[in-house]
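Please open the model in your viewer and keep the selection tool at hand.

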Amino acid sequence: MMARGLRWGIVGATTIAREWMIGAIRESGGEVVSVMSSNAERGKAYARENGIPHSTKSLSTLLGKDIDAVYIATTNDKHKAQTLAAAKAGIHVLCEKPLALKLSDAHQMVAACKTAGVVMGTNHHLRNAATIRAIRDAVAGGKIGKPLFARVFHAVHLPPHLQGWRIKDAKAGSGVVMDITVHDADTLRFVLGEEPVSVTAYTQQGGMGGSGIEDGVMGVVRFKSGLLAQFHDAFTTEYAATGFEVHGSEGSVIGTNCMKQRPVGDVVLRDATGERKLEIKPENLYVSSVTAFQNAVRGKGQPAATGEDGIRSMALALAALKSARTGREALVEPGL
């Protein structure tokens with residue numbers, strides 16, 4: 001049980017770490033000790049600009065810097081090796097989604113952390129949003145009766161500074177499904193409290209993605225109870241709004257502008273008595289994620305999203321890609 005905050009290493013000098021995670025670690029009482037970048041000069045500049053005392057090109061050097069945890073935010077193809085190295089060093093792991101490119105790799109990552117006795121979390125930030133939690137509480141509390149349908153609108157415009165490997169490098173795990181649909185998968189599971197069994201999806205190349213890389217997708221997920229969920233994700237829709245809705249036998253709960261990194265959006269409940277806005281208390285999604293992870297390291301609860309949650313969200317995303325490729329409904333088979 002640690003009295004002090006965690007000492008963190010950042011694996012990947014990335015935009016998400018700079019814009020969200022470094023601040024969240026510090027606000028949660030942690031300390032960012034070092035950053036690893038494959039480009040030494042970029043790493044030095046990144047460390048200097050973000051007040052990090054040390055930078056390195058070497059993962060082993062970073063893991064040897066007397067750190068407690070790593071935040072892994074490199075391209076998807078690198079997550080497995082970096083997680084296995086951290087687990088072997090006895091260091092806790094908070095990994096970006098998707099955990100890997102193959103389910104077998106994700107299983108190996110989770111197993112390695114369990115064997116090493118370290119905490120592993122998946123950085124599915126949306127389940128920390130006050131809006132999403134309000135929707136979940138309304139569903140779990142029976143406010144809409146039996147849930148019948150859900151809809152997720154998560155089509156956005158990928159800004160130019162993020163349009164690198166996500167739309168160009170298939171080997172790194174590019175495309176909208178592994179970047180955004182994987183978040184929908186986790187959020188649907190979190191809100192509905194049940195598991196998906198199959199998915200039918202169609203992908204699109206709308207002009208942003210490179211050859212063979214999808215930048216848009218629509219699909220329908222079937223859950224164990226028979227509930228159906230629709231999702232729409234894209235990198236190409238600059239003027240679309242995001243949202244999350246659940247429609248039941250006795251009412252509907254509707255979240256608008258809520259599939260965001262920022263703590264924004266509203267939630268409305270509609271039933272026989274009329275329509276009313278639910279009270280929410282917005283909090284920084286990433287601070288909530290880091291706080292839960294740090295508490296888990298201290299033996300208090302679990303990360304907001306566990307490694308197993310990461311496997312399950314990956315399984316749905318991979319099934320969506322299989323469905324789009326084959327033109328048939330695909331089973332969601334996480335192997336858990």
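Predicted model: local features only at pLDDT ≥ 70, side-chain atom pairs only at ≥ 80, totals over all residues.

Residues are numbered from 1 along each chain as its sequence is written, and side-chain values use heavy atoms, leaving out hydrogens and water.

Select residues 15–27, which form helix 1. Helices here are DSSP runs of H or I with at least four residues, and strands are E runs with at least two, numbered from the N terminus. Centre the view on Met21, where helix 1 has a kink of about 40° (the angle between axes fitted to the seven residues ending there and the seven starting there). Met21 is one of the buried residues of helix 1, which also include Trp20 and Ile25; buried means under 20% relative accessible area with a 1.4 Å probe, protein chains only.

Next, select Leu94 in strand 5. Leu94 is buried, with a relative accessible area of 2%. Among the residues that Leu94 touches are Met21, Trp8 and Phe293, where contact means heavy atoms within 4.5 Å. Gly121 lies 27 residues from Leu94 in sequence, yet their C-alpha atoms are 4.6 Å apart.

Finally, select residues 130–140 (helix 6) and 176–192 (helix 8), which pack at an angle of about 40° with axes 8 Å apart. Which residues make the contact? Helix 6 contributes Ile132, Arg133, Ile135, Arg136 and Val139, and helix 8 contributes Thr187, Phe190 and Val191.

How values were computed: Axes fitted to C-alpha atoms, helices over the stretch in contact; angles between N-to-C directions. Expected span 1.5 Å × (residues − 1). Buried < 20%, exposed > 50% of the residue type's maximum accessible area, 1.4 Å probe, protein only. Lists of a residue's contacts leave out its neighbours within four places in sequence.
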